[in-house]
Amino acid sequence: MKAFDLTGKVAVVTGGNGGIGLGMAEGLAAAGANVMVVGRDVAKNESSVAKLKTLGVEAASFQADVTDKNAVEAMVAKTVEIFGRLDILINNAGTNIRQQPEEFTEAEWHTVLDTNLTSAFICSNAAYPEMKKAGGGKIINIGSMLSIFGASFSLAYAASKGGIVQMSRVHATAWAKDNIQVNSVLPGWINTELTRGARRDVADLNDRVLARTPAGRWGEPEDMSGIATFLASPASDFVTGAAIPVDGGFSVQI
Ligand code: NDP
């Protein structure tokens, strides 16, 4: 088997209809995987499916809110109905509410925690039996620089992304016996819809990111495709429980 070959594998990518999720889905498709794109916006879902099909693989979409357990179970069932199996899950759907910690309502806290962390718990549990059936699997959870750093405006987001890393480590230890590898990816500042909002909300963010990132630029969604391919492929069969920054050096610069 070739180290980075995903021919015949089937991937579910939550939030695969744009930004980092689509960048990762394109990496998987270029390596030969068939992809199920999951998101709430049907038009964005369809446009991503069209892009993925140009890479010569099968792609489909499923409209789901990943905080809804019934919808997530239906997402897995539909994936198996269409593609016959499930090998790779990327828990990428996410959101943020930026304000000072004392301003958070409980509802806002739960919105961010449910979307970023509980969703990954629900999706991983739903995917687990299918991965066992397939003889193994790969789960890739999307953390953040806020999995390791703090920022005054990111209370719920940082809590959720710290949780993602710890949840990945637990799943990695629990499911190693089933040949399922579980890792998290910690993106630096990537140019997406989410961070276009951050640039509007946080004064000087653009200048600060450029000054702090050794690579001297924002990342683009396609910068995330290689790590997705690596962590989804046999090349990473002995890598599990890791939290891998993809950040242009942001996390090693003092
Ligand atoms: P985008 O806003 O571009 O994408 C977010 C994606 O999540 C969309 O596809 C959206 O689809 C989906 N989504 C959000 N909520 C739900 C939900 N309840 N159910 C289903 N899908 C949902 O952001 P990014 O691409 O930037 O972010 C992707 C991930 O990367 C997030 O987890 C984010 O925290 C993380 N990240 C991003 C960084 C960056 O610099 N951009 C840095 C570090 C981490 P739809 O609206 O159709 O539901």
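Let me start with the largest nonpolar core of this predicted model. It has 28 residues, and the ones touching the most other members are M24, L28, L52, I90 and V185. At least two residues each come from β1 (10-14), α1 (19-30), β2 (34-39), α2 (42-53), β4 (88-91), β5 (137-142) and α8 (225-232). The biggest contributor is α1, which gives six residues.

Take V185 from that list. Leaving out neighbours within four places in sequence, V185 is in contact with M24, with the run I140, N141, I142, G143 and S144, and also with M224, I227, L231, I244 and V246. Another core, of 27 residues, lies apart from this one; V38, V66, F83 and I180 are among its members.

Next, helix α6, residues 193-201. Which of its residues are buried? They are T195, G197 and A198. Viewed down the axis of α6, the buried residues fall within an arc of 145 degrees, so they line one face of the helix. They pack against α7 (205-212). On the face turned away from the buried side, E193 and R200 are exposed.

As for polar atoms, a side-chain atom of T192 is 2.5 Å from a ligand oxygen. A polar backbone atom of I20 lies 2.9 Å from an oxygen of the ligand, and for a backbone N or O atom of G188 the distance to a ligand oxygen is 3.3 Å. On its own the ligand has 880 Å² of accessible area, and the protein covers 93% of that.

Notes
Residues are numbered from 1 along each chain as its sequence is written. This is a predicted model: local features need pLDDT of at least 70, side-chain atom pairs count only at pLDDT 80 or more; totals for chains, interfaces and linings use all residues. Side-chain values use heavy atoms; hydrogens and water are left out. A nonpolar core is a set of buried Ala, Val, Leu, Ile, Met, Phe, Trp, Tyr and Cys residues joined through side-chain atoms within 4.5 Å. Buried means under 20% relative accessible area, exposed over 50%, partly exposed in between (1.4 Å probe, protein chains only). Helices (H or I, at least four residues) and strands (E, at least two) are DSSP runs, numbered from the N terminus. Contact means heavy atoms within 4.5 Å. The arc is that of the directions from the helix axis to the C-beta atoms. A polar contact is a pair of N or O atoms within 3.5 Å; within protein, one must be able to donate a hydrogen and the other to accept it, and residues adjacent in sequence count only if both atoms are side-chain atoms. Accessible areas come from the Shrake-Rupley method with a 1.4 Å probe; for residues, only the protein chains shown count as cover.
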